[in-house]
Amino acid sequence: MKKIESGNVAAALGVKLAKVQVVAAYPITPQTPLTEKLSELIEGDELKAEYITVESEHSALAVCIGAASAGARAFTATSANGLLYMSEQVHWAAGARLPLVMCVVNRGVGAPWTVWNDHQDSISQRDAGWIQIYVNDHQEIIDTVIKAFRLAEAVSIPVMVCYDGYYLSHTYMPFDVPDEQKVDTFLPEYQYKHTLDPQNPENLNTVTMPFARPDRDGVTQPGYMDIRHNLHEELGTAIPVFEQIDAAYKEAFGRGGKPIMSDYRCEGADYIVVSMGSLANRIKDVVDELNDEGVKVGVLSLHLYRPFPREQIIAALENAKGVIVIEKALSYGNEGALFGDIKAALYPCEKRPFVHNYIIGLGGREIKQADLYDSIKASCTASENFEDVSRWIGLNR
Amino acid sequence: MDEFKCEIKTSNSKSGPGDAGRTGSWRVERPVIDLSKCTPAKRQKDSCYLCWLYCPDGVISKELEPKIDLEYCKGCGICAQECPTGAIKMVEETSLIEEERKNDEKN
Ligand code: SF4
Ligand code: SF4
């Protein structure tokens, strides 16, 4: 069924189709309409789930952790400072290997206060052990939310579905709502392997020692480092698993095929722009303009940011002359976060392309097509001594 | 559902002694029960057992003469605090070890 709705509603409809059993979320701009829609769906009995109201984001995720530990499919959503407020539980959910799904409606982080979009909130949580997926439009929001539940449950690792505040959350776009019965087949009822059971009481995520320890029955149990190594390894397996799940989704619904990253005019391009989220869509127009002028440039939209798809990145970029990373977040005091990751991935390549970095649109600062055009063109025509620093576009000087 | 070879390592445990390893080595003070003050021991009848109930490590037995598994007793002193008859005293491990050594030498 086709619908014209906001990105937040697209997310809520995805959550509804996923038949979640528990929703706990605290409203925060620009995520608020998503939680409002969910509470409306639950109140109206359209979604048979428990909506647990909480006093904070920390509690929202804590409730979801409890629900998932008891075997329920659970969902939460947040933005910016809300995400940071729940950060302790964000790390916990990954270490506890709970298959939660959370939408992060991307917004800049205070201080100073901003309610506008950038990617600093979710990027700051990239090392927590969650799977992070960045989507480009409303169709991808609803499709990815559904796929995210299957992915989270397949590898028992929580998934963040990140989409841009306002650019996607509050704008209206047409999208297709997948058929409910088909979604039921694609995403059957959730059976968690390690559910709390009153008949068989146990402690979950108990204190670990630096060493592996014998348990009550004398069986050696993994220590902290073993458990964390296992999370790291199994995050890596999430890449092929996500590809398989996406292929199954494509077969059922006819959409998908590029879950890790999608490319536009990258075939045979000399220069490739790398970006995430709705910004990647905007760059397509600039790429078209530059190709008309004879500059062979494409844009690669990275969807899967964690686990970082190193091999796929190398394959996509190693034959280019130059890579231009344009992003809305950075590791303060260093450089763009994605820029650093891309450079590190390309380090072993024999013929290494140059990599340039532009920081843009922080706190919703207007992103002008002309600025994008000038920056990309400057990089494509750069001389050898183009300084390797992160360049900030659109500063008020 | 998708079958993938995930091990999903976490730290889960059943409650009981040995949950967190040999916690007996953490002990600075040792609980010592004076059976002449302990209600079930005195009456030779099941009763009280508050020490058994409160011990966070589950290392006190529910017997007429309650016993403490020192392999795992971490010396928190909760049993001594909860015992209504004051039958449990916390005694410095060092003094007990010295006493034990002297006894060993005698034998
Ligand atoms: S001191 Fe008492 S309560 Fe504490 S662990 Fe030892 S026996 Fe249990
Ligand atoms: S709490 Fe004190 S009186 Fe009661 S059983 Fe234990 S040692 Fe005996």
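**Close-up views of a predicted two-chain model**

**View 1. Polar contacts join chain B and chain A.** Between chain B and chain A, eight residue pairs are in polar contact, both residues at pLDDT 80 or more. A polar contact is a pair of N or O atoms within 3.5 Å; within protein, one must be able to donate a hydrogen and the other to accept it, and residues adjacent in sequence count only if both atoms are side-chain atoms. On chain B, the side that touches chain A has seven nonpolar, eight polar and six charged residues. Here Ala, Val, Leu, Ile, Met, Phe, Trp, Tyr, Cys and Pro count as nonpolar, Asp, Glu, Lys and Arg as charged, and the others, Gly among them, as polar.

This is a predicted model: local features need pLDDT of at least 70, side-chain atom pairs count only at pLDDT 80 or more, and totals for chains, interfaces and linings use all residues. Side-chain values use heavy atoms, without hydrogens or water; residues are numbered from 1 along each chain as its sequence is written, and chains are lettered from A in the order in which they are written.

View 2. Strand 9 (residues 203–204) of chain A and strand 1 (residues 12–13) of chain B run antiparallel, joined by two bridges. L204(A) has N12(B) as its bridge partner. Strands are DSSP runs (E, at least two residues), as are helices (H or I, at least four), numbered from the N terminus. Two strands pair if DSSP finds at least two bridges between them.

**View 3. An open sheet in chain A.** Seven strands lie in the order 3-2-4-5-7-6-15, with mixed pairing. Strand 3 (50–51) and strand 15 are the edge strands, each pairing on one side only. V104(A) stands opposite C162(A) of strand 7.

**View 4. An aromatic pair, Y134(A) and Y305(A)**. Over all chains there are eight aromatic pairs (rings of Phe, Tyr and Trp, its six-membered ring, with centres within 6.5 Å; planes under 30 degrees apart are stacked, over 60 edge-to-face, the rest tilted). Y134(A) and Y305(A) sit edge-to-face, 6.1 Å centre to centre, with 80° between the planes. Y134(A) is in strand 6 (residues 131–134) of chain A and Y305(A) in strand 15 (residues 304–306) of chain A, so the pair ties together parts 171 residues apart in sequence.
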